[in-house]
Amino acid sequence: MYPSASDLKHMYEVAKSEIPIETALSGLHEAFDHYVPKYSGDTIRAFAYIKQHLFYKHYVTSQRTLASQQTEKPISYANKKRVVRKELTPDWLRENEEAAPLTPAFKDDAHFEEEKKKLAESLRELEQELKNN
């Protein structure tokens, strides 16, 4: 049997692909071994069938090796350098911080108790208004 121009084209594509020769030869034999005729007298008549089988086999094996490489090398976030941004504080914010020193909210405990009583009284008044409405 002589190869047709189409067969030669498909063979050239396989030869130019990244499929190793040993893999291509084993895939060729595998394609013939796994071929199931659909009717009596059905045979492989073109190299296009073999090319399809070879490319599929190569794709599956390359995806498996890629997946195994990704699982072997987990992403390490500890090794990555963190980027720390240092932003300048605006002048107007620094002026406000300097002008307003921190003062305590209450002068002493007596002042605190007085404010607490006022708040409790206003809370009772609000509750009364809510009950009346």
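User: How many helices and how many strands does the chain have?

Analyst: In this predicted model, the chain has five helices and zero strands, and reading along the sequence gives the pattern α-α-α-α-α. Buried residues make up 12% of the 133 residues in the chain, while residues 24 or more positions apart account for 59% of the contacts with a separation of 6 or more.

User: What makes H10 count as buried?

Analyst: The relative accessible area of H10 is 11%, and buried means under 20%, so H10 is classed as buried. H10 is placed in helix α1, and, leaving aside its neighbours within four places in sequence, H10 is in contact with F47, A48 and K51.

User: What parts does the pair of Y35 and Y49 tie together?

Analyst: Y35 lies in the loop between α2 (21-34) and α3 (47-72), whereas Y49 lies in helix α3, so the pair ties together parts that are 14 residues apart in sequence.

User: Why do Y35 and Y49 count as partly exposed?

Analyst: Buried means under 20% relative accessible area and exposed means over 50%, with partly exposed in between. Y35 has 21% relative accessibility, so Y35 counts as partly exposed, and Y49, with 31%, therefore counts as partly exposed too.

User: Which residues form the largest nonpolar core, and what makes a set of residues a core?

Analyst: A nonpolar core joins buried residues of nonpolar kinds through side-chain atoms within 4.5 Å. The largest one here has eight residues, namely V14, I19, A24, A31, I44, F47, I50 and L54. The elements giving two or more residues to this core are α2 and α3, and α3 gives the most, with three residues. As for I19, a member of this core, its contacts are A24, L54, F55 and H58, not counting residues up to four places away in sequence. In soluble globular proteins, nonpolar side chains tend to be buried together.

User: How do you know which class of residue lines the largest pocket?

Analyst: The lining consists of M11, V14, A15, I19, P20, I21, A24, L25, L28, F47 and L54. Ala, Val, Leu, Ile, Met, Phe and Pro are among the kinds that count as nonpolar, so the lining has 11 nonpolar, no polar and no charged residues.

User: Which helices supply the lining of the largest pocket, and how much space lies in the pocket?

Analyst: α1 (5-16), α2 and α3 each supply at least two residues of the lining, and the largest share, four residues, comes from α2. About 200 Å³ of space lies in this pocket.

How values were computed:
Residues are numbered from 1 along each chain as its sequence is written. This is a predicted model: local features need pLDDT of at least 70, side-chain atom pairs count only at pLDDT 80 or more; totals for chains, interfaces and linings use all residues. Side-chain values use heavy atoms; hydrogens and water are left out. Buried means under 20% relative accessible area, exposed over 50%, partly exposed in between (1.4 Å probe, protein chains only). On a 1 Å grid over the protein atoms alone, a cavity is a set of points where a 1.4 Å probe fits but cannot get out, and a pocket is an open set with protein on both sides within 12 Å along at least five of seven lines; lining residues have an atom within 4 Å of a point. Grid points are joined across faces, edges and corners, and a volume is the space filled by probe spheres set on the points. Contact means heavy atoms within 4.5 Å.
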